[in-house]
Amino acid sequence: MVSSAVAQSFPSRPVTLVVPYPTAGAADIFGRSIALAMEATLKQTVIVENKPGAAGNVGLTQVARSKPDGYTIGLGTIGTQAINQFLYTQMQFDPGTDLVPIALVSTTPNVISVAANSPWKNLGDVIKAAKASGDKKLSYGTPGIGSSPHLTGAYFEAMAGIELLHVPFKGVSASMPALIGGQIDLLFDNLPGSIAQIKDGSRIRGIAVTSAERTPLAPNLPTFAEGGVAGFDVTAWFAIYAPKGTPQPVMDKLIEAARVGLKSEKVAEAYMKLAAVPGNLFGSDLAAFEAKERAKWGKLIKDRGITAQ
């Protein structure tokens, strides 16, 4: 256990935030923003360390096994915290018990896009093409197996009554060029990872967002529900965690730093540009939210027979 004196002096050196995904994607963007936002309250540098692999499991396993002193924390996602455990038989940590929730960092819709030269202009076109494709299924790229965009694609198949071919990539930095280059038909991604290309419009075309409501950042993008898939509502989320056993006084300081940081004007402005909303769940409230998400995605994975192989 960390002594109370050490807990009181926390943090006396820089804190490391492990982001279990490659640079440039949505997780990396939110990890770096919350790291920066927490520094003012902690009065210490928060260093971001990217440790991708196994759909986020590699980095989060490192966090779960770290000394529970608050100096190593990790960014989790809907994938690492509510999806992976139903896909991977060899999980090295239990997201519900080995990591302690600090704060929900952000929520954002996912988005489906096509190449700018694609004949499909809306979700109805995509569904029609998928139903007419026969054995040659339309392919959809995602940032990886078990990612929120992957499960969004599976959810879309289930809700629209279609069959697609999933093509996983190592992050959006690999899947986006594949869409532009014509190697895949569709791209599912977190909106922050695609928004710049969608707004530019010269290489890809946004088709629809997965949230129940349109996003103010891309108001011209209809929802899946508007596109004919009634009741479709998926929001990706990102949150930060400490290893199990981290002393409560240290947790309190981390939670407070996140709470203050997420209310800052700088974060609000940055997230608005990213089509994301700052999180407002901390500690046990975030744990309760996660439990509901696990029930939803666990059922979909089981019903669809999705595996990580």
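R32 is partly exposed, at 36% relative accessibility. Its salt-bridge partner is D28, with N and O 2.9 Å apart. The model is predicted.

- D28 and R32 both belong to helix α2 (residues 26–42), where being 4 residues apart separates them by about one helical turn.
- An α-helix has 3.6 residues a turn, so residues three or four places apart point the same way.
- D28 counts as buried, at 6% relative accessibility, whereas R32 is partly exposed.

- R13 pairs with D69, and their closest N and O atoms are 3.7 Å apart.
- This pair links distant parts of the chain, 56 residues apart: R13 is in the loop between α1 (4–9) and β1 (15–19), and D69 is in the loop between α3 (57–64) and β3 (72–77).
- R13 is partly exposed, with a relative accessible area of 42%, while D69 is buried at 9%.
- R214 and E226 form a salt bridge with an N to O distance of 2.9 Å.
- Both R214 and E226 lie in the loop between β8 and β9 (235–243), so their pairing ties together parts 12 residues apart in sequence.
- R214 is partly exposed at 38%, and E226 is partly exposed at 47%.

**Helix α8**
- In α8 (residues 172–180), the buried residues are V172, S175, M176, A178 and L179.
- These residues lie on the same side of α8 because they cover an arc of only 160° around the axis.
- Their cover includes β4 (99–115), β5 (139–142), β7 (186–190), α9 (191–200) and β8 (204–209).
- G182 follows α8 and has a positive phi, near 85°.

Notes. Residues numbered from 1 in each chain as written. Predicted model: local features only at pLDDT ≥ 70, side-chain atom pairs only at ≥ 80, totals over all residues. Heavy atoms only, no water. Buried < 20%, exposed > 50% of the residue type's maximum accessible area, 1.4 Å probe, protein only. Helix = DSSP H or I, 4+ residues; strand = E, 2+ residues; numbered from the N terminus. Arc of directions from axis to C-beta. Contact = heavy atoms within 4.5 Å. Salt bridge = Lys/Arg side-chain N within 4 Å of Asp/Glu carboxyl O.
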